[in-house]
Structures are given as C-alpha cells and as structure tokens.
Amino acid sequence: MENNGNLTPYTLNDSQITALEQHYGPFSAMSEAHKQTFIKRLGHFIGSKRIVGVEGQEMFTAIEALVCAEAIRMTMGLSHYLLPHFSVIMVYPKAYYSFVTGLEHAGEVDLRRGVIKLAWVDFGTGIGDQTDGRNLAIHEFAHAIFFQNLMKDREAGYISGQVLAEWKAIAMREMPDVVDNEEHFIREYGGTNIDEFFAVSSEHFFEQPDQFKAEHPELYNILTKIYKQDPAARTHS
Ligand SMILES: [Zn+2]
C-alpha cells in the first residue's frame, strides 16, 4: 500500500473547519496562530491517509477532520506528525468484533497492517467530554505515536531514547499501584501493560493536566518531554 508520508496538497474545506469549531473544544480554544498551524498540519495528515468508513459507517469530510484532530493536537510539539506507518484509518459505527483478540473493540491499532481503527460512537463520547480523562482517539493515537517512534523509517526516533528510558523507569514503578489502588489517578486499564500505561496516561495528560501534574508531577513532567508540550501551562495562559 502506498504510504510514504508524501505531503499530498490538501486544504481543509469550510465544513471541516466548522466541524472543528463546533465539535472539537481544543480547536475553538486555540489562538488564531495556533489554529493556522493546526489546520495546515491536519490537511497534510488527512492527505497522507486513506480514511474509510466500514460496516456501514457513512463518511463525510467533516468526519475525517474530527477523527484526525486529536493526532494533530497530540503532536503539535513534535516536528514529525504524519505517522506514516499508519496509512489507513478505519471508522466503524460502533464497537466491533476483532478477529485478532476475539473481543469487542471500540478502537485498535493494527501494527502489522498499519491501520488505526475507531468506533464512531465511542470516538464521539471521547472528544465530547474533554475533561473526564477518557478519550478513545487520544488512546489509539498515543499507541500509534509510540510505535511510530520505534519504526525504522524517516519519522522514527522523534522521542529521545533517554527520555523514553526515564519514562519507562517511572512507569514500571507506578504500574503496580495503578492495578492495586482503584483510587489511583490513572484508570485501572493503564496497569494492563506498559503500552496501555502510555495510552491511558496520555488520555489523562491531555484531558486533566492540572490534576495530573498535582498528583503525579514526575510522570506528568516526563510526558511533557515526550510530547514536547505542557497542557497544564496552556490552561493558565
Ligand atoms: Zn490500548
């Protein structure tokens, strides 16, 4: 499948911008300059992907823009943001049966085939509430960003190895507590394994930065180095 991260010219149309303004809170909260960068990056990102509705899911350009928006917010601090390994985004209407795991899934990152899958209903719940620390798109794109960083292609290695090692040490220390303590700030699913710990922490990081920073400053700080942005600082500016 063609996917080399080429920057196919793609400009967002009016219905895509309107969809972002109306349904994607982080966009409407951005400064005008920040919005322009966001729009440009989102255009490149959409232009480099094949975004398909499956199992009857209708697709509109507005849906494409919304589905990809979190990937752009999350990578705004990074020089690389196209995630070229993941050339296809599949949108399901609702949770679907996965032949890989034999379970119902709301989302999935298929590393082997380079596919990111999202269920539209769960996606919507995730971006609709930007403060509950649950966000399907952030979760799946966090997996994709993490894996892309390890790939041996031109977008690999945008997160420093030293920072990742530091993060891993903190994660290994924190994970048992996530499993044992149901009051833990990071929700329990994050204790499943180190990949899930990264994805779930990322949901909390972008949606609840103030509380995260107050409760787990060390983990919060290392995530600011991974994503090269500080969402808590933004909420105060
Ligand atoms: Zn996951």
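Colleague: Which residue stands opposite Ala119 in strand 6?
Modeller: That's Tyr92. Before we go on, this is a predicted model, where local features need pLDDT of at least 70, side-chain atom pairs count only at pLDDT 80 or more, and totals for chains, interfaces and linings use all residues. Residues are numbered from 1 along each chain as its sequence is written, and side-chain values use heavy atoms, with hydrogens and water left out.

Colleague: Good to know. Which strand pairs with strand 6 in the parallel sense?
Modeller: Strand 2, residues 88–92, does, over five bridges. Two strands pair if DSSP finds at least two bridges between them. The strands themselves are DSSP runs of E with at least two residues, and helices are runs of H or I with at least four, numbered from the N terminus.

Colleague: And which strand runs antiparallel to strand 6?
Modeller: Strand 5, residues 107–110, joined to strand 6 by four bridges. Val109 stands opposite Ile116 in strand 6, and Asp110 has Val115 as its bridge partner there.

Colleague: How many residues lie between strand 5 and strand 6 in the hairpin?
Modeller: Four, and Gly114 in that turn has a positive phi of about 65°.

Colleague: Is strand 6 mostly covered or mostly open?
Modeller: Mostly covered: five of its five residues, 115–119, are buried. Buried means under 20% relative accessible area, exposed means over 50%, and partly exposed is in between, using a 1.4 Å probe and protein chains only. In a regular strand the side chains alternate between the two faces of the sheet. For strand 6, Val115, Lys117 and Ala119 are on one side, with Ile116 and Leu118 on the other, and all are buried.

Colleague: What about strand 5, which residues point which way?
Modeller: Gly107 and Val109 go one way, Glu108 and Asp110 go the other, and all of them are buried.

Colleague: Switching to helices. Which residues of helix 1 are buried?
Modeller: Gln16, Ala19 and Leu20, in a helix that spans residues 14–23. They sit on the same side of helix 1, because they cover an arc of only 100° around the axis. The arc is that of the directions from the helix axis to the C-beta atoms.

Colleague: What's on the face turned away from that side?
Modeller: The exposed residues Asp14 and Gln22.

Colleague: And what covers the buried residues of helix 1?
Modeller: The cover includes helix 2 (25–28), helix 3 (32–47) and helix 4 (61–74). Contact here means heavy atoms within 4.5 Å.

Colleague: Okay, helix 5 next. Which of its residues are buried?
Modeller: Phe123, Gly126 and Ile127, in a helix running over residues 120–128. Seen down the axis, these fall within an arc of 85°, so they line one face of helix 5. Thr125 and Gly128 are exposed on the other side. Among the elements covering the buried residues of helix 5 are helix 1, strand 6 and helix 8 (194–207).

Colleague: Now the metal. What are the protein donors of the zinc ion?
Modeller: His139 (NE2), His143 (NE2) and two OE atoms of Glu196, at 2.0 to 2.7 Å from it. Donors are N, O and S atoms within 2.8 Å of the metal (3.2 Å for Na, K and Ca), and sites may look incomplete, because water is not among the atoms.

Colleague: Why is the arrangement irregular?
Modeller: Because the four donor atoms subtend angles of 53 to 144° around the zinc ion.

Colleague: How are the donors spaced along the chain?
Modeller: They follow H-x3-H-x52-E. His139 and His143 are separated by about one helical turn, because they are four residues apart in helix 6, residues 136–150. Both histidines, His139 and His143, are buried.

Colleague: Last one: how is the protein divided?
Modeller: Into domain 1 (14–150) and domain 2 (161–235), with bounds from an automatic or database domain assignment. Their C-alpha centres lie 21 Å apart, and 24 residues of domain 1 are in contact with 19 residues of domain 2.

Conventions:
Tetrahedral: all angles 85-135°; square planar, octahedral: opposite > 155°, others 65-115°.
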